[in-house]
Amino acid sequence: MSLSNDSRKLIQVLSNETSIRILQVLKSENMSASELAGRLDLRLNTLQYNLDSLLETDLIRVSGVKWSRKGREIKVYAPVEKLIILIPGRNTVTRTALSGLLQECMEDDPDLRLA
């Protein structure tokens, strides 16, 4: 299976339990790094490593900024809605082939709808 560096990074991030926990918390509420660290009981440097990986793979974004009592800028993070499709064993996929695969998946699962 041939994977690009982007695909490898995405798979690595999605297989990381801490990254998944961050995404689950952000799904319900946008938060700063310190708020996330407190909620998830993580050291800030561990959390920041995972936030950087999630940002790099476009799974989260900085949704805004707030200010600390000391006047420091604090980033607020939010999840990114993203459809991720992994097709093992395919080196290239044409738009037509991808459309066919999506249609096939939708036929197999009537509850799946494309927005």
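Helices and strands here are DSSP runs, numbered from the N terminus; a helix has at least four residues and a strand at least two. The model is predicted.

**Exercise 1.** Where is T57 found, and is T57 buried or exposed?

*Solution.* Start with the elements. T57 sits in the loop between helix 4 and strand 2. Next, take the accessible area. Buried means under 20% relative accessible area. T57 has 9%, so T57 is buried. Last, list the contacts. Leaving out residues up to four places away in sequence, T57 touches K9, L10, V13 and K82.

**Exercise 2.** Check the span of helix 2 (residues 17-28) against 1.5 Å a residue.

*Solution.* The expected span is 1.5 Å times one less than the number of residues.

**Exercise 3.** Which residues of helix 2 are buried, and how do they lie around the axis?

*Solution.* First, name them: T18, S19, I22, L23, V25 and L26 are buried. Then look down the axis. These residues fall within an arc of 165°, so they line one face of helix 2. The face turned away from the buried side carries the exposed residues E17, K27 and S28.

**Exercise 4.** Which residues have the most contacts inside the largest nonpolar core?

*Solution.* The core has 18 residues. I22, L36, L47 and L51 have the most contacts inside it. Helix 1, helix 2, helix 3 and helix 4 each give two or more residues to this core. Now follow I22. Beyond its neighbours within four places in sequence, I22 contacts L36, L40, L47, N50, L51 and L54.

Methods:
Residues numbered from 1 in each chain as written. Predicted model: local features only at pLDDT ≥ 70, side-chain atom pairs only at ≥ 80, totals over all residues. Heavy atoms only, no water. Buried < 20%, exposed > 50% of the residue type's maximum accessible area, 1.4 Å probe, protein only. Arc of directions from axis to C-beta. Core = buried A, V, L, I, M, F, W, Y, C linked by side-chain atoms within 4.5 Å. Contact = heavy atoms within 4.5 Å.
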